[in-house]
Amino acid sequence: METRIVEQIISYLNEEKYRQAILIDGEWGSGKTFFVKEVLMPQISKNITDKKVHYVSLYGVSTSEEIIKKIYFSYVEEIIDRKIGKEKRRLLKKGVSIGENIVSMALKKSQINPDDLLELLDYSNIKKAIFIFDDLERCGLSIIQTLGILNDLIENNGVKIIIIANQKEIGKVSDSSNLPHKYMVALDERIEFEDEKIKLDDKKVSKEILSKRIQTLFSEDALYMRTKEKLIGLTIYYHPKFENVYVSVVEKYYPKSGDEGKEKVRKYLMANKQKLVNYFEEAKYGNIRTLIFIFAAFEKIYKILEPLEEGIYKEYIAKQIDDIFKYIIILSIRIKSGKSLFQWESGEGYGLVLFDGAKSYSDQIYGYRFVDDYLLNCSFDEKAIKEIVQKKAAERKQVDDSIAVGKALSIKKLSNWKELEDDEIRKTINAIEEELKDQKYEPGFFQQIILTFFELQDYEIMRNPEETYSRIISAMEEKLKKDDGKFKKSYLEINSNDTALIERYNALIEPLLKIFEKKENEEVKDFSFMHEDWNDVFPENCKKNSKDFLKNGKFFCYFELEKFINKLKEVPVKEIYNLIEGIKEVYGIADIDKYMQSDIKYINEILGQINVEEIAGEKITKRLALKELKQELQYCISLVKEHYARFNI
C-alpha cells in the first residue's frame, strides 16, 4: 500500500499541470507522520532532485505570521544544511530556541554570507520547493486563513504542497473560540435559517438550539469543505495494515546496527509480531504512538531480564518475559484508551489480573505490579524487578517439581480408586501416611488427601479412620510449621453446596487453621509498641517498622479502637503529637498511597470516634492537638483515595 501511495504522490508532483495540493487523510495515531517522515520524504528527495522538501507542523499555530515564519525558517534551515551540513546545524540548534536565534547563531558559527539569505526577504522568492504541512486540524488559526496562505503559495509561488490531516477533526480546535460574540450573533432574530427547528419562536432558547445556530453560522468544518475543493487536487486516505506499520516501526527504532542489545529486542519483537497485532485488532485499536510506547517500555524491562535466561530457571524466565510483554500491550492500550485499570491488593507484586469488561475468568491474564508502576508513574526499580521475576520463576519451578513428584506419590493412585482392589487401596492409604510423615507432600496436596479419605471412609474402606486422621493431621501440622509463608490459609478452603461436608472438613483441619492464626498473632506481636505509650520513642519505632507496615499493607488496624480513644482521653498533649509524628513516619514513605487501601476503613472508624469537645473538655491545647490529629488522619485517607481515583482504579 505504501509503495503505491509513494508512486502516486511522486507522479502527481512531477506533473507541472497539477497545481493543487495533495491531502493525506487519516485517523489520529494511524502513522501518517511516521510514514511521511520515514518513507515519503526520503523517496521524494531521491526522485525529485530539482525541488527541496520542507516539513512544517501547524500544531498550535494561532496566527498567519507564525505560519509564514515557520515557512521561512524551514527554508533557511535548508540553506544552512547545504552550506555546513545537517549534523552541524543540529549541533548548533541544540540548546538554542528555534527561530531567529538558531538562524543568527548558525550564520555566526558557520561564517555563511548573509547575502545567501537575501532571497528570503521577498516572500515571492520561495519557489522550487515542496512543502509538507502536518497537523492541519490542530492549527489554532481559522481554517480559511490557513488554507488561504497555502493557496497563496501555490497560486503565486508555484510551490507544491502536501497537507497531512485528520479531516474528521478539522475545525474543532476553533469551535470554542470567541463564544460570547458567537452567542450574540446566533441570538439575532434578524438572521433567517432554513432549518425550522432552530428558528427563534419565543424568548426562551434551549442550549441545543443555540448550539445548532452557532454551528450553522460558524462551522469551520462546513467552511473547510467548501474551500478545499479549490485547494485540494488529490486526496489519499491513509489506512495502512497495522502489521506493516509494526514492521516499519521496528525497522526505524531497532535497525540492524551491530548493537547486540538492540538486535535481541528486534529479534523478540519480530518473533512476537502477530501476538501484538492480534491484541490491537481485538481491541479495535491502531495508534502508532501507543505502539512506540509499548516498544520503549518493553525494551527497558527486557534488557534487564534477558540476561537472566540462564541455568535451571531459563524456561521460567522466558515464559515470564512473554507474560510481561502481553501485559504491557494490554495495559498500555487500556491506559491510552482511558479505561479502568486493575486494582492491586496491598503487598501484591504479581498475579492473575481480570480487567473490567472481561467476559469470564478465562479472560484473566498474568500481570506484574512493576509494569503498572513504570507505565503510570515512571517508577523503575531494576533490582526489585529482577527479584520479583526470579522469585516467580523459583515458585513456578517448585510447583512443577511438586507436580512431577506428585505423579510418583501414592495419592495419584487413588484418583481412580474404584478401579482398585480393597487391599490395594488400604496399602496405598498406609503409604500416603508414611509419605506425609516424611514430608514429601507440599501443603497444596492436603485438601485432596483429606477429601479422598472422606470418600473412602464413607464407603467403609478405611479402617480406624479417626486414628488415621489424627496421624495425617499431625504430619500436616509439622509441614505447615516449617512452611515459609508461600502457602495461604485460603488454599485449604473448599467450595461446596454440601454444608455437612464443609462442617466436617473444617472441624478436621482446625489444628491447621490454628497454625495460620498463630503466625498472624506473631505478626501483630511484632508491633506490640503500638499498644504501649506514645512516648518520645514511638515515632522512631514507627520509622523502624515502616517497611513492614508497607509490606503488610496496613498500619491503623494495629490500634485497638476502644483503647485508642480511651488513651486519647488520658494521655498528655505531648503524646498526641508523638502519635502524629509516628503516623507521618509511616505515611511519609514514597508510594505508600499505592499499598495502604485497607487502612481507609480503620481511619474512618477512628475519625468517627474522635469527638474533640468531649475528649478535650476545657483543655485548649489538647483541643488543638486533637484537631491536628484529625487533619493528619484525613490527609492519610486523601493520599490513598487520590491514587486510586487518579488511575480509575
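Lys 264 and Glu 260 share helix α11 (residues 260-271), sitting four residues apart, about one turn of the helix. Helices (H or I, at least four residues) and strands (E, at least two) are DSSP runs, numbered from the N terminus. This is a predicted model, where local features need pLDDT of at least 70 and side-chain atom pairs count only at pLDDT 80 or more, while totals for chains, interfaces and linings use all residues. Residues are numbered from 1 along each chain as its sequence is written, and side-chain values use heavy atoms, leaving out hydrogens and water.

**Salt bridges around Lys 264**

- A salt bridge means a side-chain nitrogen of Lys or Arg within 4 Å of a carboxyl oxygen of Asp or Glu, and the structure holds 24 of them.
- One of these joins the side chains of Lys 264 and Glu 260, at 3.5 Å from N to O.
- Lys 264 also meets Glu 306 in a salt bridge, at 3.2 Å from N to O.
- Because Lys 264 is in helix α11 and Glu 306 is in the loop between α13 (288-305) and α14 (314-337), this pair ties together parts 42 residues apart in sequence.

**How exposed the partners are**

- Buried means under 20% relative accessible area, exposed over 50%, and partly exposed in between (1.4 Å probe, protein chains only).
- Lys 264 counts as partly exposed at 30%, whereas Glu 260 is exposed at 56%.

- Asp 536 and Lys 574 form a salt bridge through their side chains, at 3.1 Å from N to O.
- This pair links distant parts of the chain, 38 residues apart: Asp 536 lies in the loop between α21 (510-525) and α22 (538-544), and Lys 574 in helix α25 (residues 573-587).
- Asp 536 is exposed, with a relative accessible area of 57%.
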